[in-house]
Every structure is written in C-alpha cells, then in structure tokens.
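Here is my note on the model, point by point. Please keep the structure open as you read.

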Amino acid sequence: MFGGLRSLFRKKRVEKELDDELRGFLDMAAEEKMKHGMSRKEALRSVRLDHGSLEVSREVVRTAGWESFVETCWQDLRFAVRILRKSPGFTSVAILTLALGIGANTAIFSLVNGVLLRPLPYRNPNRLTMVWEKSRDGSLENVGYATYLDWKSKNKSFEEIAIYSSWQPVLQVGEPEQFSGLRVTSNYFRTLGIHPEIGRDFLPEEDVPNANKVVMLSHSLWQRKFNSDPNIIGKTINMNATQYMVTGVLPATYQSLMNQDPRGGTVEIWRVLGYDVSQPWACRTCHHLVAIGRLRDGVAITQANAEMNTISAALSKAYPKEYDDAGVVLTPIRDQLLGPASEPLYILLGAVFFVLLVTCANLANLLLSRATNREREVAVRTALGATRGRIIRQLLAENCVLGLLGAAVGLVPAYWTPKVLAGIGAADLPRLDQVHLDWRVLSFTVGVALLTGIAAGLAPVYRLSKTDMHDSLKEGLRGSGSVASRRLRGLLIVSEVALSLTLLIGAGLLLRSLSRLLVVSPGFDPTNVLSMQTSVLGQRFNDNAVVRQYFADAVERLSALPGVQSAAAASQIPLAGNMDKYGFHVEGKMHANPEEDPSAERYCITPGFLETMRIPLLRGRDISAADTATAPQVLLIGESTGRRMWPGEDPIGKRVKLGGVDNPWWTVVGVTGDVHHVGLDADPDMQMYIPHQQWPFPDGLMVFVIRAASTPAAISSAAQQAIHTIDATQPISRIMPLESYVGLSVQGRKFALILIGAFATTALALSLVGIYGVTAYSVAQRTHEIGIRIALGAQRGELLGLLLRQGMLLVVCGVIAGVIASLALTRFLASMLFDVQPTDLLTFASVVLLLVAVSAAACFLPARRAMRVDPMVALRYE
Amino acid sequence: MPEKPGDLVQGTLDMLILKTLALQPMHGYGVAVRLEQMSKGVFRLNAGSLFVAFQRLQRAGLIKNEWKATENSRRAKYYALTDQGRKRLNTETREWGKQVAAIARILEAS
C-alpha cells in the first residue's frame with residue numbers, strides 16, 4: 001500500500017530509481033557476455049533477447065502495481081476532458097441537459113433531506129410519541145389535566161410523559177411584542193432530552209399554582225431581545241404585566257417543532273404550566289393540553305398503546321360522564337411533526353426522478369448520434385492495439401466527466417433552493433431553515449451525476465465497443481450497424497414521451513384541482529379587509545366590563561377612520577388556523593353522556609362582524625349593540641349547524657347550552673351562511689356566533705377586521721394608531737389582509753403545482769429536443785434517398801408524410817405507454833387533488849392533445865427542411 | 001523451457017527469489033544469474049518479471065533493499081530478506097516439500 005502511494009506521489013523519483021536499476025541489470029548482463037568475447041553491440045542485442053529490453057521491462061514493472069490503474073484512470077479523465085473540449089457544441093448541450101436534471105434532483109433532495117432525513121433535534125427521537133385521547137368519531141383529542149395525572153401515575157410504558165399548551169405572552173422589552181410560547185410541565189425538556197445551554201431546567205416545585213413564575217428562552221430570542229446577556233439567568237422580565245424569572249436558555253441547535261402554524265411563528269419562550277387538579281380548567285373534559293411521552297427502552301409502541309388503552313378503559317368506567325371511552329392513540333413524533341409534509345415531498349421526489357430519467361434518455365440519444373461519428377476514431381484506436389475494455393473505460397470516463405460537470409452547473413441553482421422555495425410558498429413545510437447543501441446532498445448529487453453519466457453512456461458505449469474495425473476504416477460506408485442504433489434511439493424517444501406525459505398529466509390534475517379550489521367561495525368576502533390581532537393585558541383588564549368596553553371603543557374608533565367602511569372584532573376568524581370548539585347541547589336532543597354531543601366552532605363577535613366580513617344573514621336577525629351583558633343571551637348559528645341539529649325545523653327561537661350542561665341557555669336568533677373555517681378544501685362544519693358583550697369570560701385576544709374602501713394597506717397605520725390612542729401598551733400583531741389568509745390556505749397546493757409543472761415542462765422540452773433530434777438525424781441520413789424520390793417525381797406532401805410518420809409513430813407509442821403509466825401512478829396524487837378524479841378524462845385528453853401537437857411541430861421542422869432538398873445536390877453527394 | 005514465470009507453478013518464482021536471497025543480500029542481476037546457474041539454465045528470467053516480483057515481495061514486507069556498490073564498483077540495489085521473509089520461506093519450503101511428495105506419490109501410483 002505504502003509503496004503504491006509512494007509511486008503515485010513521487011513518481012519521477014521512483015521511475016528514475018527503477019530505470020537505474022534496470023539499466024544496471026542489463027549492463028551487468030552485457031558485461032558478462034563481453035567477457036566471453038562478444039562485441040558490445042552483440043552483447044546488448046543478446047541481453048535484450050534473453051531478458052527483454054529496458055523499455056518493455058519498465059512498462060511491465062510499472063503496470064504491475066495497483067497504482068498504475070489509478071494512473072490510467074487519471075489519464076482517461078484528462079483525455080476525456082480534451083475530447084470534450086474539442087466539441088464544445090455537443091459538450092455544452094450535454095452539460096446543460098444534465099444540469100437541468102441533476103440540479104432539479106439535487107434541489108428536491110436537499111428539501112427532502114432537510115425536512116425529512118435530518119435527525120429531529122431530540123435525544124433518541126424514535127422513542128418519543130404523542131399521546132392522544134381518541135374520540136368516538138376516531139379523531140384525536142387533546143387531554144385534560146386530571147386525565148394526564150392518571151396516565152402519568154398508572155402507566156409503566158413511559159419513562160416520562162409531559163404536556164404542553166400554547167401561550168402567547170407579550171414581552172414588554174422595547175415595543176410590546178407578542179411571542180409564540182408554550183406552557184409546559186416541569187419534565188417537558190427532560191422528556192425531549194434537551195438540556196439548557198445556560199441556566200437550569202424547570203423544577204417540579206415550580207410546577208404548582210402560585211409558585212414563582214419561571215421561563216426558558218430560545219437561543220434566538222435571547223440573542224435578539226437580550227443581546228445574548230450572559231447574566232440573564234435569575235433576572236426577571238416583564239410579560240403580560242407579570243414578572244417572570246429566567247431560569248435557562250436553550251441551545252441554538254434546538255428549534256421547537258411544536259408549533260408549525262406558519263401564521264403563528266416558531267415557539268421561542270416556555271413557562272411552567274403550574275396546574276393542580278383543584279382548578280376548574282384542570283378537569284377531565286378540559287381537552288386543551290397536548291401530551292408527549294418518551295417510551296421506556298424495550299417497550300414497543302404497540303405494547304405501550306395496549307397499556308394506555310387499558311388505563312383509559314378503567315378511567316371511562318370510573319368517570320362514565322367525562323369520557324366517550326374510545327381509548328388512546330400513540331403517534332410517533334416523527335409522524336406527528338413531519339408526516340403531513342412527507343407525502344407531498346416524496347411525490348415531488350418521484351416526479352423529479354422522472355425528469356432525471358428523461359435527462360438520461362436525452363443524453364443517451366445525444367451520445368448515440370455522436371457514437372456514429374466516432375466509429376472511425378474507435379476503429380483507429382482498436383487498430384493501434386487498444387483493448388475493448390480500455391476503450392469502454394475511456395468512453396465511460398468521458399460520460400462521468402460529463403455527469404460531474406453537469407452536476408457542478410446544476411448545484412448552482414440548487415444552492416438557492418430554500419430561498420426560491422420559500423418565495424413560492426413552501427413556508428408551511430416544517431424545518432425549511434434546515435434545507436441547505438450538506439455532505440448528504442453533495443454525495444447524493446455526485447452519485448446521481450455518475451450514475452446518470454454511466455447509464456446514459458451504456459448503450460452508446462456498448463455500440464461503439466462492438467465497432468467493426470474493417471468496415472469503419474473504409475471511407476464512405478456509413479452507419480453499418482445503424483438498424484440497432486435506430487431502434488434504440490426510437491425506444492429512448494418512446495420512454496421520454498411516456499415520462500413527460502405522466503408528469504404533464506400529474507401537473508394537469510393539480511392545475512385542475514387548484515382552479516376548482518380557487519372558485520370555491522370561502523363564505524365571506526376577503527377583498528379589502530384588513531385583519532390585526534390584539535390582546536389585552538394589565539391589571540385593569542381583570543374586570544370583564546373593562547375588556548368589553550375596550551373592544552367596543554376600539555371598534556368604534558376604527559369604524560370612524562376615514563376610508564373605513566366598517567369594522568368589528570372577533571375571537572377568531574376563518575382560515576386563520578385557529579380552533580375554538582365548544583360542546584353544543586341542544587334542548588331536548590342531548591345525549592345521556594354530554595361528551596357525545598357535537599361541538600361547534602365559536603366566534604365571539606362584536607356587532608357589525610357579519611356586515612364587515614359580508615357573511616350573509618339567511619334568517620332571523622343579526623346581533624346588535626342591544627345584546628348587552630344584561631340582555632337575554634342570544635347566538636347566531638351557521639346554516640350547516642341548523643340543518644344538522646334541527647332538520648326540517650326553524651332553528652330560530654331554539655335553545656342550546658354551550659360547553660357544558662350546567663351552563664345557562666342561549667337562544668338562536670339568526671342563521672348565517674357557512675364559512676370555510678379550516679380550509680377551502682374542507683366542508684364547512686358547525687359554527688356559531690356569540691355577542692362578545694354576553695360571553696361570561698370575554699375574550700382578551702381578539703382579531704379586528706376592518707373593511708376599507710380601497711386597499712387594506714392604505715388604512716393599516718391609521719388603524720394601529722387608532723388602537724394605540726386608547727391604550728399604547730397593547731401589542732398589535734398579525735397585521736394581514738384577509739386575502740393573505742385565503743392565499744395561505746391554498747399555498748401548499750400552489751407549491752406542488754408550480755414544482756410539478758416546472759418538472760413537466762422541463763421533461764417536455766427535453767423530449768421535444770429528442771424528437772427533433774431523431775427526425776433531423778433521419779432526414780440527414782436519408783438526404784440521398786429523398787433526392788432520388790424527388791427526382792423520380794414524388795410529391796412533396798407524400799414525402800413529408802413519410803418523414804412525419806416515422807417520428808409520430810414513436811410519439812404515439814410513447815403516449816400509449818404514458819397513459820398506461822399515468823393510470824397506474826396518478827392515484828398516488830389523490831390526496832393532493834380536489835374535486836378531480838385521478839383518472840380525469842378531460843385532463844388526460846387535453847394533455848395528450850397538447851403533447852401530440854407540440855411533438856408534431858418538433859417533427860415537422862426538420863422534415864420540412866428535407867422538402868427543400870435539391871435533387872441535384874442530393875444525388876451528387878454520392 | 002518456460003519463458004515466462006507464469007509458466008512456472010503459480011507463486012514459485014517468489015519462493016525461488018526468497019531462497020536465493022536467504023544466502024546473502026544480492027542485486028537483481030545477481031539473483032537472475034544465480035537462479036539460472038542453480039537451475040542449470042532452466043529458468044532464464046525476463047528483467048521485467050523479476051522486478052515485478054521484487055516489487056511484490058517488497059510491498060508484502062518480505063524483502064528490503066539498499067543501494068550499495070558492487071564488486072565492480074558500480075551502484076546497484078541490493079535486496080535482502082526481512083525476518084518476515086525468512087519465516088515465509090521456511091513455511092513455503094515445508095509446504096512445497098509436502099506437495100511435491102504428495103504429487104510424486106500420486107504420479108507413481110498410476
């Protein structure tokens with residue numbers, strides 16, 4: 001090994017030594033012969049005969065070690081580069097083709113790598129699972145604190161179970177700013193396996209009511225708001241008019257994944273939960289906490305699930321009215337955090353792999369036509385003694401060089417992937433910040449480049465290595481083996497067309513879905529409506545009347561602004577990613593177990609909300625300023641709610657209890673149109689609107705909606721000022737036109753459509769180049785024949801048909817294969833489609849038509865050139 | 001007469017070189033002459049094959065080399081056995097003896 005390395009790196013010296021030694025050997029042998037009376041010349045000749053010449057021996061010794069293999073490979077590479085530089089046209093086309101395919105693949109792989117493949121930022125993440133209560137309809141539910149305590153004390157499967165709930169504190173450092181935070185049990189970070197970078201973890205004695213209020217900061221928050229103060233630990237910070245003591249700062253490598261709502265921002269601050277069972281919000285039906293557990297070593301997830309189901313069954317038995325007894329569901333944390341993103345990403349990876357295949361086929365085609373021109377070169381080299389293996393190696397080296405150059409060019413766009421993707425709306429992909437070129441992506445790229453180069457080169461290399469020396473050396477005998485070659489090129493075109501068609505159909509289906517989705521009305525009119533969120537904080541807001549008055553005042557000031565048509569506030573707005581469901585118990589239709597009653601989305605609104613949002617009032621009356629805290633309690637319901645709860649009856653005047661059977665009655669006074677709350681692609685569920693003045697605990701976090709006469713941006717700053725004139729200490733966040741929320745809800749689909757559309761276009765363009773190339777080539781080959789036909793009086797139309805037929809036959813075969821492949825593959829897209837079948841006839845037909853039309857054009861161009869052939873020129877060609 | 005050592009039983013050349021060097025360190029030509037003499041002209045070696053064998057043995061750590069002056073005051077590379085080479089020679093010699101005896105028995109039996 002060492003000797004080999006020495007001869008590689010100190011080549012000159014080793015070679016000189018060998019030469020000296022060999023020359024010494026031969027000289028000694030010659031001297032010996034001269035002693036026996038030979039002349040020097042005779043002696044040297046005799047020695048050469050006996051022992052071989054210096055040159056031959058040197059070659060023999062040099063090629064014996066492994067290093068010579070490395071060296072000839074190096075030679076091959078250098079030779080390949082020289083050859084490629086000699087035909088810059090071919091080389092640049094090949095490199096660009098490869099760069100397209102490899103670049104697209106690298107980009108998508110870097111996305112998959114960053115989002116899915118990189119390990120999650122927890123210790124042993126595969127032992128972490130989410131723990132959900134399962135409701136009777138199979139949906140997953142958060143857990144109440146009392147249930148959590150029972151789970152925690154009774155189970156033997158988990159090392160730890162922790163819970164958290166979301167928290168939006170307002171930090172009063174500089175401008176009041178609202179953050180995304182979590183309230184967590186003291187064992188939360190221990191469960192995840194995260195240690196603070198500075199400071200300490202939460203203590204169990206801090207996790208009780210009325211204990212010291214303590215928080216942990218994310219690394220980024222610590223840097224941004226506290227200038228990385230090394231003495232931050234033990235200091236207090238003021239949030240929501242309360243003092244919190246900082247106990248720790250988390251490491252920069254830890255980024256919370258618990259809040260993936262792009263509208264909510266990353267979690268940056270954590271405080272202890274501080275519950276105890278005596279609190280009213282710690283009840284078993286208070287499903288507002290999310291549980292996460294770390295399985296003990298050796299406990300399988302199914303085992304743990306079985307145990308949790310047993311515990312849950314015992315709890316249902318003990319408290320029959322508080323559970324709807326469907327058990328417990330464990331989801332591995334990976335599925336929870338990355339599951340929704342993984343399917344679209346793998347679909348993209350599959351789609352982009354198709355592009356790579358098309359690239360490969362296209363390059364193979366290019367190489368095949370080049371191969372015809374290189375037959376003589378190969379024949380000459382064979383005649384000079386190159387072995388077949390050596391020629392194959394040389395040709396493959398050329399392809400590898402091409403592949404690597406293509407990869408190098410392709411990496412440039414791939415480097416910008418994350419920014420571009422964020423730009424076209426991948427923001428709801430988790431961990432997008434983790435997407436960059438790392439060693440995994442780079443090795444993927446190099447691997448793909450070499451494989452592509454070699455795969456594309458196999459056919460032409462095979463073809464060339466079988467070149468018949470005698471035929472090829474003879475001038476004028478061209479393309480002797482071209483029947484096989486033509487067939488191969490035809491096959492490549494067929495597969496390119498089939499692959500492109502499949503991608504085009506995929507893109508077509510997504511396009512149809514999106515266009516169908518975009519005409520779905522959200523149930524309100526988002527144009528020219530500005531939304532902004534605020535929450536009240538401070539001692540003075542402990543009085544409910546003050547909160548109600550504050551929002552009433554704010555709405556009044558906003559409505560009075562110039563350029564504002566109307567304004568209102570609501571506890572949540574549709575399509576904003578919120579969820580706030582309350583049990584809906586209808587008089588006379590309640591289940592024995594109230595947990596089995598349905599629930600409805602609750603919007604706590606100020607008068608004017610329907611008008612501002614342009615949600616139609618279908619029956620009855622809207623709520624008004626007269627529905628005060630002391631007036632009879634009234635509510636509006638959505639159309640679906642009415643139809644579901646009172647089929648065939650008039651809901652006006654009916655009574656319901658909300659959130660629990662011990663609460664007072666509310667009377668339905670109006671029915672509104674449904675709004676899409678979750679997304680345009682989800683059917684509207686049950687909804688209800690409650691006057692903010694009447695809800696017993698008036699919401700402190702409200703969203704203002706302001707309808708402007710023109711664009712929402714025009715009134716944005718005036719609206720913020722109006723709110724600050726009432727109370728300058730209140731934070732305003734999420735200042736966004738309502739249209740952005742609607743846009744966000746279709747963003748994921750747009751993202752998939754843009755990417756798959758881009759892939760399909762690339763593949764189509766490459767295929768067209770291929771079709772054009774094949775037709776052009778065959779026209780060139782048949783110039784002579786065409787000349788004869790013209791001379792003999794063939795009509796140009798007939799000739800055109802003849803040439804077109806050949807190309808179009810390939811296209812038709814490709815289309816048939818592509819349609820079959822699409823029928824088999826589009827069902828994987830089903831989850832991304834909306835209101836369109838995976839086998840949608842219209843999409844299939846239009847894509848096939850499009851493809852055939854452009855392919856015909858690609859055939860027609862070179863064929864038309866053949867029509868201009870001058871028979872005299874063509875015949876003289878011989 | 002076998003022209004290439006490949007015609008020798010595989011691996012025999014290495015063993016013969018080791019045996020030759022066991023007596024004293026020698027340069028390449030010395031080894032060639034010695035082998036030719038000892039075999040009474042049966043093994044006449046190509047310089048190429050001989051030096052490939054040297055390179056192989058050296059990389060296996062069985063021989064080492066040193067530039068020295070010859071008796072005719074010419075500079076030459078002298079090869080010598082290493083301890084490992086000496087051990088290898090012993091085992092190969094034993095192995096060879098066994099094999100030859102076995103082959104002889106088989107040939108005589110028929």
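This is a predicted model: local features need pLDDT of at least 70, side-chain atom pairs count only at pLDDT 80 or more; totals for chains, interfaces and linings use all residues.

1. A:Asp835 counts as partly exposed because 13 other C-beta atoms lie within 10 Å. The scale runs as follows: buried means 20 or more other C-beta atoms within 10 Å of the residue's own, exposed means 12 or fewer, and partly exposed is in between, with C-beta atoms placed from the backbone. A:Asp835 sits in the loop between helix H24 (796–825) and helix H25 (841–867) of chain A. Its phi is positive, about 65°, although A:Asp835 is not a glycine. Most residues other than glycine have a negative phi.

2. A:Arg614 also deserves a look. Phi of A:Arg614 is near 55°, again a positive value in a residue other than glycine. A:Arg614 lies in the loop between helix H18 (609–613) and strand S18 (617–620) of chain A. A:Arg614 has 15 C-beta neighbours inside 10 Å, so it counts as partly exposed.

3. A word on conventions. Residues are numbered from 1 along each chain as its sequence is written, and chains are lettered from A and ligands numbered from 1 in the order in which they are written. Local features need pLDDT of at least 70 and side-chain atom pairs count only at pLDDT 80 or more, while totals for chains, interfaces and linings use all residues.

4. Now the whole of chain A. It has 26 helices and 24 strands; these are DSSP runs numbered from the N terminus (helices: H or I, at least four residues; strands: E, at least two). Its radius of gyration is 38 Å, whereas a compact globule of 878 residues would have one near 29 Å. That radius is taken over C-alpha atoms, and the globule rule is 2.2 Å times the number of residues to the power 0.38. The C-alpha atoms fill a box of roughly 130 × 80 × 55 Å along the principal axes. Of the 878 residues, 40% count as buried.

5. Which domains does the assignment give for chain A? It lists domain 1 (2–65), domain 2 (139–325), domain 3 (486–522 + 743–878) and domain 4 (538–730). The bounds come from an automatic or database domain assignment. The C-alpha centres of domain 1 and domain 3 of chain A lie 64 Å apart.

6. Next, the largest nonpolar core. It has 204 residues, and A:Leu503, A:Ala570 and A:Phe759 are among those with the most contacts inside it. Such a core is a set of buried Ala, Val, Leu, Ile, Met, Phe, Trp, Tyr and Cys residues joined through C-beta atoms within 7 Å. Helix H11 (residues 333–383) of chain A gives the largest share, 21 residues. Apart from this core lies another, of 30 residues, including A:Leu22 and B:Tyr29.

7. Where do chains A and B touch? The contact takes 17 residues from chain A and 16 residues from chain B. Two residues are in contact if their C-beta atoms, placed from the backbone, lie within 7 Å. On the side of chain A, helix H2 (11–35), helix H3 (40–51) and helix H4 (54–62) each supply at least two residues. H2(A) gives the largest share, 7 residues.

8. Finally, A:Leu77 in helix H5 (residues 67–86) of chain A. The C-alpha atoms of A:Leu77 and A:Ala397 are separated by 5.8 Å, although they are 320 residues apart along the chain. Leaving aside neighbours within four places in sequence, A:Leu77 is in contact with A:Ala397 and A:Val401.
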